[in-house]
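Here is a short tour of one protein model for someone new to reading structures. Have a look at the sequence and the 3D view, then follow the points below.

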Amino acid sequence: MSAQTSELYAGIAWTGEGYEVEVLDGEGRRVVEPGGWSGAQASELIAWLRDFEGGRAPAVVLDSTNGLLDGPMTAAGLEVYRADPWLLPPRPGFGSVTAGELAEKARTAPGELARVTAEGGTLTGRAEEYFDGVRRGEPIVAALTAAGRCFEHGRRDVPRVALTFDDGPDPVHTRQVLDILDRYGARATFFCVGHHVAALPDLVRRIAAAGHEVGNHSWSHPYLPDLTPEQLREQLDRTAEVVAKVTGEEAPTRFRPPYGALSPEVLAALEGYPTTLTMWDVDTRDWARPGPERIAATVLESAGPGSVVLMHEGAGDRAQTVQALPAIVEGLLERGLELVTVEELAAPPGPEGPRPPAR
């Protein structure tokens, strides 16, 4: 954190209800009284920080169990840092360490924190560790795939594609995505985070009512290797519970791990858990905002029968994804590819498979 330029430090903690914020100055004094923000108020929180004391924005500190705010905050020009678990006190069973502890760590040991960049994303500085974990987990994932407990793509001889959207719902971009899908009569799968489901239940109900599939994407989008097995399962349980409560349907049985972080340790924690891991074979990398033309080209150049396409409509500026979506849908439809949910893609073809929902 040696490049840090602010003399103010804003620690942001997440809880089951929303976010807690505490701002300290260089002497450790509270600049304002600690505040709380709901999960639906992320944009208001960002604006408050950006305009703090007439534009004297504090350096923002998150921990690795909060993958929901770094994207929109870096897009807004805020200085964002990550405090890793070995730098912090033990976390509670559900939630992060306190906002005060995060702000204090930034104040007292700024050089130990990782500066989060838009290019590197949440895991800036931990890419080598991430890829090592994924590599070590590959044999286990292969065995789970053979056993039907992990799904990456469907049959290559059936003209169907599943578009998937992660990290929502989002108060702006989810509505836009749903409008576009509805225009073309296309179905998709939305891997939602529990934090946003609880904050924006009406949007989740709209997703389900339109015939789209709702999947589990954890509660706070954490880096899963940093969680204990109990904390990991609590993230899934709470998200499944709130989705079922909001939609009035059965809890989702498909789980997409944030960042695709499936190390052997994460897979061991999920052993016996009643869920189907759901990955992808086409990654748009839209979170990096390469431009709508590049996002659309990535899909149209790479997707074919059976593909599962990874996109995002939450936890960041997803305007480029929305702009790319009509070209993606039209291009796939022109090639005779039906746009279906992951559940439909995974089902056997023919009359024994699930039928499209009534619209």
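**A sheet and its helices**

Strands β1 and β2 run antiparallel and are joined by seven bridges. Strands here are DSSP runs of E with at least two residues, helices are runs of H or I with at least four, and both are numbered from the N terminus. This is a predicted model, in which local features need pLDDT of at least 70 and side-chain atom pairs count only at pLDDT 80 or more, while totals for chains, interfaces and linings use all residues. Residues are numbered from 1 along each chain as its sequence is written, and side-chain values use heavy atoms, leaving out hydrogens and water.

**The sheet**

- Six strands make up an open sheet with mixed pairing, in the order β3-β2-β1-β4-β5-β6; two strands pair if DSSP finds at least two bridges between them.
- β3 (35–38) and β6 (114–115) are the edge strands, each with a single partner, so one side of each has no neighbour in the sheet.
- Strands of a sheet pair through backbone hydrogen bonds, in either a parallel or an antiparallel way.
- A hairpin of three residues links β1 to β2, and Tyr9 stands opposite Leu24 in β2.
- On the parallel side, β1 is joined to β4 by three bridges, with Gly11 opposite Val61 in β4.
- Strand β5 (residues 80–83) runs antiparallel to β6 and is joined to it by two bridges; Arg82 sits opposite Ala114 in β6.

**Inside β1**

- Is β1 mostly covered or uncovered? It is mostly covered, as seven of its seven residues are buried, where buried means under 20% relative accessible area, exposed means over 50%, and partly exposed lies in between (1.4 Å probe, protein chains only).
- In a regular strand, side chains alternate between the two faces of the sheet.
- Leu8, Ala10, Ile12 and Trp14 point one way from β1, while Tyr9, Gly11 and Ala13 point the other way.
- Helix α3 (residues 99–108) lies across β1 (8–14), β2 (18–25), β4 (59–63) and β5, and runs at about 145° to β1. Axes are lines fitted to C-alpha atoms, for helices over the stretch in contact, and angles run from 0 to 180 degrees between N-to-C directions.

**Helices that pack on α11**

- The axes of helix α10 (residues 292–302) and helix α11 (residues 319–334) come within 8 Å and cross at roughly 35°.
- Among the residues making this contact are Ile295 and Val299 of α10, together with Ala324 and Ile328 of α11; contact means heavy atoms within 4.5 Å.
- By class, the α10 and α11 contact has nine nonpolar, four polar and no charged residues. Ala, Val, Leu, Ile, Met, Phe, Trp, Tyr, Cys and Pro count as nonpolar, Asp, Glu, Lys and Arg as charged, and the others, Gly among them, as polar.
- Helix α5 (residues 173–184) packs with α11 at an angle of about 15°, their axes 10 Å apart.
- α5 and α11 are therefore roughly parallel to each other, a label for angles under 35 degrees, with over 145 roughly antiparallel, 65 to 115 roughly perpendicular and the rest oblique.

**A closer look at Val134**

- Val134 belongs to helix α4 (residues 127–146), and its 23% relative accessibility makes it partly exposed.
- Which residues does Val134 contact, leaving aside its neighbours within four places in sequence? They are Gly260 and Leu262.
- From Val134 to Ala13 there are 121 residues in sequence and 27 Å in space, C-alpha to C-alpha.
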